[in-house]
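Let's take a walk through this protein together. Have a look at the sequence and the 3D view first, then read on.

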Amino acid sequence: MDQGTTRTAGDQLVLEGLLGSTDSRIVAGGIRVYLEWQRMAFFGDQKVASKISNPEVVAWAAEHPVEMAILQDLASQRLRRVKCRPSVTLAVLLQFRLIDGEAAREFSEGLYSGAGLQSGNPILALRDRLDRIREGKVNVSDRDLIGYFVMAWNHWRRVGTRPSCRCQRRGLDARVLPEAV
């Protein structure tokens, strides 16, 4: 029954039958981050940036059943172990799963547990960076977090180990945001 409050995108996904009630807010948030990333909406004046509306989230979910199945699978895993907003982690892992499902599963397992990661592994470097960001209570944009994930992913896929993933101090812009491969 309506309580007079606005429905969230997660609520609308559940009402449309596109999701179960578990983790619907995280999945809706992940869709928003994913769409902003795909549209490169992270750049420019954020005060006037076009935000992703609830109907856009629901329409995207209805048009992309394969991606929704992946999102539900990812949301049922240990996203909260990653020291990053779950919606950002979900969006990034969706993109990685679409690129190479098996490699993405291995990457995410290392990201969740850290088990078996040797010094110099880019996944370990990413985990350490996210730990430092959380411990230092540093405000980091979704754009920069996605950049950190993608750099770690790319280095891990190319060479397997790398001592660290470095970004420019001023952050990422449209010219230097890495593309996941």
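How close do the axes of α3 and α4 come, and at roughly what angle do they cross? They come within 5 Å and cross at roughly 105°. Keep in mind that this is a predicted model, where local features need pLDDT of at least 70, side-chain atom pairs count only at pLDDT 80 or more, and totals for chains, interfaces and linings use all residues. Residues are numbered from 1 along each chain as its sequence is written, and side-chain values use heavy atoms, with hydrogens and water left out.

**The overall picture**

- Of its 181 residues, 48% count as buried (buried is under 20% relative accessible area, exposed over 50%, partly exposed in between, with a 1.4 Å probe and protein chains only).
- Take the contacts (heavy atoms within 4.5 Å) with a separation of 6 or more: 66% of them join residues 24 or more positions apart.

- The axes here are lines fitted to C-alpha atoms, for helices over the stretch in contact, and angles run from 0 to 180 degrees between N-to-C directions.
- On the α3 side you'll find W60, A61, A62 and E63, which meet P65, E67, M68 and L71 in α4.
- Sort the residues of this contact and you get 6 nonpolar, no polar and 2 charged (Ala, Val, Leu, Ile, Met, Phe, Trp, Tyr, Cys and Pro count as nonpolar, Asp, Glu, Lys and Arg as charged, and the others, Gly among them, as polar).

**V58, also in α3**

- V58 sits in helix α3 and counts as buried, at 12% relative accessibility.
- Leaving aside neighbours within four places in sequence, V58 is in contact with Q12, L13, E16 and L18.
- V14 is 44 residues away from V58 along the chain, yet their C-alpha atoms are separated by 9.7 Å.

- From α7, the contact uses P122, I123, L126, R129, L130 and I133, while α8 brings L145, Y148, F149, A152, H155 and W156.
- That contact divides into 10 nonpolar residues, 1 polar and 1 charged.
- K137 lies in the loop between α7 and α8, and K137 is exposed, with a relative accessible area of 75%.
- Although K137 is not a glycine, it has a positive phi of about 50°.

**The nonpolar core**

- The largest nonpolar core has 52 residues, and I31, F96, F107 and F149 touch the most other members (such a core is a set of buried Ala, Val, Leu, Ile, Met, Phe, Trp, Tyr and Cys residues joined through side-chain atoms within 4.5 Å).
- α8 gives the most to this core, with 9 residues.
- Skipping neighbours within four places in sequence, F107 is in contact with L93, F96, I123, L126, F149, A152, W153 and W156.
- T89 in helix α5 is buried, with a relative accessible area of 0%, and F149 is one of its contacts beyond four places in sequence.

Key. Helices (H or I, at least four residues) and strands (E, at least two) are DSSP runs, numbered from the N terminus.
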